[in-house]
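Morning, everyone. One structure today, and just a few minutes. Please have the model open and follow along.

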Amino acid sequence: AATYRDALEKGGVPAVVQGGRGLLKTDEVELLRLWLEEVVQEDDVALVGAVRGAGLALSDTGLFCLRKGYGVDYGEGANNSKAANRRFRTAILYGRLMPDEAMKAWQAAGGAPDGGLEEVLQRDAVILERFREIRTAFLHLLHRQSGSQAFELLLDRLGLWGYWHAREHGAQRVANLRAFLELVRGFEADS
């Protein structure tokens, strides 16, 4: 079916494949699964996937500083034993990234690469705050409303409708997201 869709699109005819077995394995649905896995299972790999994924895209530099604790103010989130044992997760979920302090700590540890990293870290500090705001709203909807509403919030707040539409086979990707939301709504109606 994808081959026919590709041929039609090459001919200038917009086409979308309905059905198929690979919906849950598409990149666009996989990102939503990562967010769910992160909050439900507290999975660190899923956490990195969510914060580095489409709509946020935390840099490698920011991830490195968070992992090392460079320039991270842990605030109140690090005041329990569970958080202390999971410093990296705590840095992402509760820490405030301070670019100036991160650069100083990195240089003291052996030298940060030259050029533009402070700007990258400033952008990452904003991304981290945005991630936490969206995550909090996602959790709220997931626990108090419905999964479909929580996923819609992610799609809207992260700008994922537009992001996926602008990618190759964008109409198909958006159709996949709509099909996934309908699947979730069907599960919700059955339970």
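Start with N176, which sits in helix α11. Helices here are DSSP runs (H or I, at least four residues), numbered from the N terminus. Before going on, the ground rules. This is a predicted model, where local features need pLDDT of at least 70, side-chain atom pairs count only at pLDDT 80 or more, and totals for chains, interfaces and linings use all residues. Residues are numbered from 1 along each chain as its sequence is written, and side-chain values use heavy atoms, with hydrogens and water left out.

Back to N176. Is it buried or exposed? N176 counts as buried because its relative accessibility is 12%. The cut-offs: buried is under 20% relative accessible area, exposed is over 50%, and partly exposed is in between, with a 1.4 Å probe and protein chains only. Which residues does N176 contact, leaving aside neighbours within four places in sequence? They are L23, T26, E28 and V29. Contact means heavy atoms within 4.5 Å.

Two of those names take us to the next helix. E28 and V29 are among the buried residues of α2. Helix α2 covers residues 27-41, 15 residues in total. From first C-alpha to last it reaches 20 Å, close to the expected 21 Å. That expected span is 1.5 Å times one less than the number of residues.

What do the buried residues of α2 pack against? Six partners: α3 (44-52), α6 (87-93), α8 (117-144), α9 (147-157), α10 (160-166) and α11 (170-190).

Now the core. The largest nonpolar core has 51 residues. By nonpolar core I mean buried Ala, Val, Leu, Ile, Met, Phe, Trp, Tyr and Cys residues joined through side-chain atoms within 4.5 Å. W35, L66, L97, F131, F138, F151 and L154 have the most contacts inside this core. Helix α8 gives the most to it, eleven residues. Take L97. Setting aside residues up to four places away in sequence, L97 touches C65, L66, Y70, G71, V72, A102, L121, D124, A125 and L128.

Last topic, backbone. Most residues other than glycine have a negative phi. A57, in the loop between α3 and α4 (60-68), has phi near 60°. A57 counts as partly exposed, because its relative accessibility is 34%. H169 lies in the loop between α10 and α11, with a positive phi of about 60°. At 22% relative accessibility, H169 also counts as partly exposed.

Terms used: Helix = DSSP H or I, 4+ residues; strand = E, 2+ residues; numbered from the N terminus.
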